[in-house]
Amino acid sequence: MKRHLISFCTTLAPPPSLVPATVTIFYTLSQVTTETMTVIIPSLPHAHLSAPPLPMSILRRLPFHSLTPCHYRPRRRFATLAAVRQDTTVWTPTPISSIETAAESLFHISIDVSSSPDLAASHTLPGQYLQLRLPDVEKPSFLAIASPPSLAASSGAFEFLVKSVAGSTAELLCGLKKGDVVELSQAMGNGFNIDKIDPPEDYPTVLIFATGSGISPIRSLIESGFGADKRSDVRLYYGARNLRRMAYQV
């Protein structure tokens, strides 16, 4: 239940004048919108004039719309900010090339981006991700790209490992078939900067960790190559609930 914060400010009339006393009621709803109502109460010609407090039962029944609005600036400012925030994402329609079962509840999805060279060129580093949007679905999904950047450059394809979760956009995506069209944003994110572990002789040990569908960006890293054959100790720790839920076993 929302609580209304109500305060009183009573101005005493200087005796013996008959200047009306003022009671100001600040009506705060959810501590966000503040409106003020001014009530004029005739003063009496004695020295101890004070405005009689209104019963709380009356205050609780005061309709919000009956108060005289005085402070609408916060509301207008919020509305202005909401109007400025617009979706500036560039969406590119792309067809699905294939959808295959990768493990229990996991699907390997390949999307053809050969007709969108700018989109393919946006994938420059392993570990990057993008947004995927389905027709008639307002909320997009964020997906890590499971293929290396070289695959987009050579074959014009993005690959993903998607976990099907009941009631989610991912579940709808995994239920599509070859030829269905989805929309992709440009690849984004800093990805894995392999230059930070070069030359291999100076960084002989590389430890990699992933769980579940989080193996997607790691697969992109491994297939991109980072001089693993030139390092003395490269290890992948991949966690899954059981072997049936472990993708890319072959």
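Biologist: Which residues line the largest pocket?

Modeller: The largest pocket is lined by Phe 192, Asn 193, Ile 194, Ile 197, Val 206, Leu 207, Ile 208, Leu 221 and Phe 226. A pocket here is an open set of points on a 1 Å grid over the protein atoms alone, where a 1.4 Å probe fits, with protein on both sides within 12 Å along at least five of seven lines, and lining residues have an atom within 4 Å of a point. Please keep in mind that this is a predicted model, in which local features need pLDDT of at least 70 and side-chain atom pairs count only at pLDDT 80 or more, while totals for chains, interfaces and linings use all residues. Residues are numbered from 1 along each chain as its sequence is written, and side-chain values use heavy atoms, with hydrogens and water left out.

Biologist: How much space lies in that pocket, and which strand gives the largest share of its lining?

Modeller: The space comes to about 170 Å³, taken as what is filled by probe spheres set on the grid points, which are joined across faces, edges and corners. Strand β10 (residues 205–211) gives the largest share of the lining, three residues, where strands are DSSP runs of E with at least two residues and helices are runs of H or I with at least four, numbered from the N terminus.

Biologist: And what about the classes of those lining residues?

Modeller: Eight are nonpolar, one is polar and none is charged, if Ala, Val, Leu, Ile, Met, Phe, Trp, Tyr, Cys and Pro count as nonpolar, Asp, Glu, Lys and Arg as charged, and the others, Gly among them, as polar.

Biologist: Switching topic, which residues touch the most other members of the largest nonpolar core?

Modeller: Those are Ile 111, Leu 173 and Leu 184, in a core of 21 residues. A nonpolar core is a set of buried Ala, Val, Leu, Ile, Met, Phe, Trp, Tyr and Cys residues joined through side-chain atoms within 4.5 Å, and buried means under 20% relative accessible area, with exposed over 50% and partly exposed in between (1.4 Å probe, protein chains only). A second, separate core of 13 residues includes Leu 106, Ile 215, Phe 226 and Tyr 238.

Biologist: Is helix α6 largely enclosed or open, and why?

Modeller: Helix α6 (residues 215–224) is largely enclosed by the rest of the structure, because seven of its ten residues are buried. Among the elements that cover those buried residues are β5, β8 and β10, where contact means heavy atoms within 4.5 Å. Just after α6, Gly 225 takes a positive phi of about 85°.

Biologist: Which side chain meets Glu 223 in a salt bridge?

Modeller: Glu 223 pairs with Arg 219 at 3.6 Å, N to O, a salt bridge being a side-chain nitrogen of Lys or Arg within 4 Å of a carboxyl oxygen of Asp or Glu. Both residues lie in α6, four residues apart, about one turn of the helix; Arg 219 is buried at 15% relative accessibility, whereas Glu 223 is partly exposed at 44%.

Biologist: How many salt bridges are there in the whole structure, and which residue pairs with Glu 104?

Modeller: The search finds eight, and Glu 104 pairs with Arg 244, their closest N and O atoms being 3.3 Å apart. Glu 104 lies in the loop between β4 (92–103) and β5, and Arg 244 in the segment after β11, so the pair ties together parts that are 140 residues apart in sequence. Glu 104, Arg 244 and Arg 245 are linked in a network of salt bridges.
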